[in-house]
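Subject: Model handover

Hello,

Here is the structure I promised.

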Amino acid sequence: MNKKQKIYNKLLELVKEENVKVDEMLRDHLYTKLGGKADFFITPTSYEEIQNVVKLSNEDNIPFTLLGNGSNLIIKDGGIRGIVINLKHLDAIYSEGNTVVAQSGARIIDASRYALDKKLSGLEFACGIPGTVGGALYMNAGAYGGEIKDVLDYAYVVDKHGNLVKRLAAELDLDYRTSNISDNGDIVVEATFQLKPAKYEDIKEVMDDLTFKRESKQPLEYPSCGSVFKRPPGYFAGKLIQDSNLQGTNIGGAEVSKKHAGFIINKDNATTSDYISLIEHVQKTVKDKFGVDLEREVRIIGDDKD
């Protein structure tokens, strides 16, 4: 029996067979529609299953990667070795008083809409953010003047040893598009948001306005990973790219959006290599023209294709 078969058999002892896939194409799980295969693609249905998979990974020295819904991620064409965990089945959302509790596989958009239904204000900014709750915490997602750290009370995580641990918001080092979640090796499984009662009509008015701004300005008709770059101090990434005359520039099937310069779209069957090459070209051009370093907001992971 080869090593891959042995790992598969061990995973079947921890997770239901229908939730363990071998050589799964990751492009099918990403907004960019880019990326190669995962050796093992796991979709747990309980916190205990996540804990057990993490413990197996530690015991057998199997690398594992957490994958949200891939809205802020680029995976290389060679895919990812070891175990990829996706928490799409853990998507429950409920409320307790003025708090909204959401599992990490739920979309942050849905948490925002749920809060609206409960007449709770604070998550309006998230009504157009395409990522999961777990991904939103991972990068302290934000838009239109709001961000996760403004409303997060605490989270439950599975730590790198496989323990279920409560983390207060203050313990996560939430800052502009960053946190210590990755550095600590934590997997967010649940988040609790502290919100404020408000009128349904007032909350909806804000959300409708933000949705209009997003849909009118962003190239949602093409696959993309959202905003590619963080906002440089004193500048706007999109304006720098626009002023560098880069809109419409393409490498292979990847193109700097003509609608929003901060987006790079998969316009015509792009490869990850196309996408990364275009990101690097944009960074170099803006650096040469304005002396400003554009730092990626999007994460790039995985192996290069052989």
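Lys 76 is partly exposed, at 22% relative accessible area. (Buried means under 20%, exposed over 50%, partly exposed in between; 1.4 Å probe, protein chains only.) Asp 304 is exposed, at 56%. Their side chains meet in a salt bridge, 3.7 Å from N to O. (The criterion is a side-chain nitrogen of Lys or Arg within 4 Å of a carboxyl oxygen of Asp or Glu.) The two residues are 228 apart: Lys 76 sits in the loop between strands E4 (73-75) and E5 (80-86), Asp 304 in the segment after strand E19 (299-301). (Helices are DSSP runs of H or I, at least four residues; strands are runs of E, at least two; numbering starts from the N terminus.)

Some ground rules. This is a predicted model: local features need pLDDT of at least 70, side-chain atom pairs count only at pLDDT 80 or more, and totals for chains, interfaces and linings use all residues. Residues are numbered from 1 along each chain as its sequence is written, and side-chain values use heavy atoms, with hydrogens and water left out.

Back to the charges. The whole structure has 18 salt bridges. Another one joins the side chains of Arg 81 and Asp 303, at 3.1 Å from N to O. Arg 81 is in strand E5 and Asp 303 follows E19, so this pair ties together parts 222 residues apart in sequence. Both are partly exposed: Arg 81 at 35%, Asp 303 at 32%.

Glu 221 and Lys 259 also pair, with their closest N and O atoms 3.9 Å apart. Glu 221 lies in the loop between helix H6 (200-217) and strand E15 (224-227), and Lys 259 in the loop between strands E17 (254-256) and E18 (263-266), so the bridge ties parts 38 residues apart. Glu 221 is exposed, at 53%. Lys 259 is partly exposed, at 40%. Shared partners join Asp 39, Arg 81 and Asp 303 into one salt-bridge network.

Now the sheet. Five strands form an open, antiparallel sheet in the order E6-E7-E13-E11-E12. (Two strands pair if DSSP finds at least two bridges between them.) E6 (93-96) and E12 (164-168) are the edges, each pairing on one side only. Strand E11 (residues 152-158) pairs with E12 over five bridges. Ala 155 has Arg 167 in E12 as its bridge partner.

Best wishes
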